[in-house]
Amino acid sequence: MLSLQDLEPFAVGGTRRCYIHPDDEMRCVKVLRPDRTPEVRRAGARGWRRLKRLKSFDDQRKEYLAYRHLRRRGQLDYTHVPRFYGKVDTDQGVGIVTALFRNWDGRFPENLEELVPSGMTEALERAISEFKDWLRRELFLTRDLLPHNIIAVADGPERFRLVIVDGIGNSEFLPLSHWFKFCARAKIERKIRKFDHRIRILLPGQPGDDAARSDASA
């Protein structure tokens, strides 16, 4: 069992904590926050959502199944998504192990929610365009393209590469986008349109900045 209790997470998200793997500094271990376990999330659900199966509240399971689908499909270009190294038992529950990204200068990358409010640069605009081209080419499915789930890895002083680190997988009850390419293309275009809107409202000088940014994070 992997011990994480004496380590500080380098990032904390909406449902998980992220640690540098104690045996490999090039890998990340993601575990659920104690307040975001499936049991806690279902207990806090309202209405009919409380009737959903427990596993539907488990983000670890969702990500594992998404990576398993990608492996079965084969030949995925991992330029914009972390490579998956499997699951591991930890003292904080099941951990998901993926590649860990750092900037060219060794620092951890910022996510788009942190970076975009400073302004859109030519390098960032180019990175966003390359990311969207990759989504279309790979038919890569996500639950939502939220700015705080996408990091901008600085491969050089004027070179960014976007990497989606959370929200991976298909949210459809019937996975039509896994079965039919035209469904996948249509879904990806819808996600990209919403992503473009979320980026626009994060830019400085937009009316209602605070409310808009709160909406983009949802």
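At what angle do the axes of helix H4 and helix H6 cross? In this predicted model, the axes of H4 (residues 122-138) and H6 (residues 181-202) cross at roughly 165° and come within 10 Å. Angles over 145 degrees count as roughly antiparallel, and that makes H4 roughly antiparallel to H6. The crossing of the two helices is right-handed.

Let's look at who takes part in this contact, helix by helix:

| Helix | Residue range | Residues making the contact |
|---|---|---|
| H4 | residues 122-138 | Ile128, Phe131, Lys132, Leu135 and Arg136 |
| H6 | residues 181-202 | Ile188, Glu189, Ile192, Phe195, Asp196 and Ile199 |

Now for the nonpolar cores. The largest one has 35 residues, and the members that touch the most others are Val81, Leu112, Phe131, Phe140 and Leu162. Phe131 is also one of the H4 residues in the contact with H6. At least two residues of this core come from each of helix H2 (59-73), helix H3 (112-115), H4, strand E7 (150-156), strand E8 (159-164) and H6. H4 gives the largest share, with seven residues.

Neighbours within four places in sequence aside, Val81 is in contact with Tyr67, Leu76, Phe101, Trp134, Phe140, Val163, Ile164 and Ile168.

Methods: Residues are numbered from 1 along each chain as its sequence is written. This is a predicted model: local features need pLDDT of at least 70, side-chain atom pairs count only at pLDDT 80 or more; totals for chains, interfaces and linings use all residues. Side-chain values use heavy atoms; hydrogens and water are left out. Axes are lines fitted to C-alpha atoms, for helices over the stretch in contact, and angles run from 0 to 180 degrees between N-to-C directions. Helices (H or I, at least four residues) and strands (E, at least two) are DSSP runs, numbered from the N terminus. Angles under 35 degrees count as roughly parallel, over 145 as roughly antiparallel, 65 to 115 as roughly perpendicular and the rest as oblique. A crossing is left-handed if the near helix is turned anticlockwise from the far one by less than a right angle, and right-handed if clockwise. Contact means heavy atoms within 4.5 Å. A nonpolar core is a set of buried Ala, Val, Leu, Ile, Met, Phe, Trp, Tyr and Cys residues joined through side-chain atoms within 4.5 Å. Buried means under 20% relative accessible area, exposed over 50%, partly exposed in between (1.4 Å probe, protein chains only).
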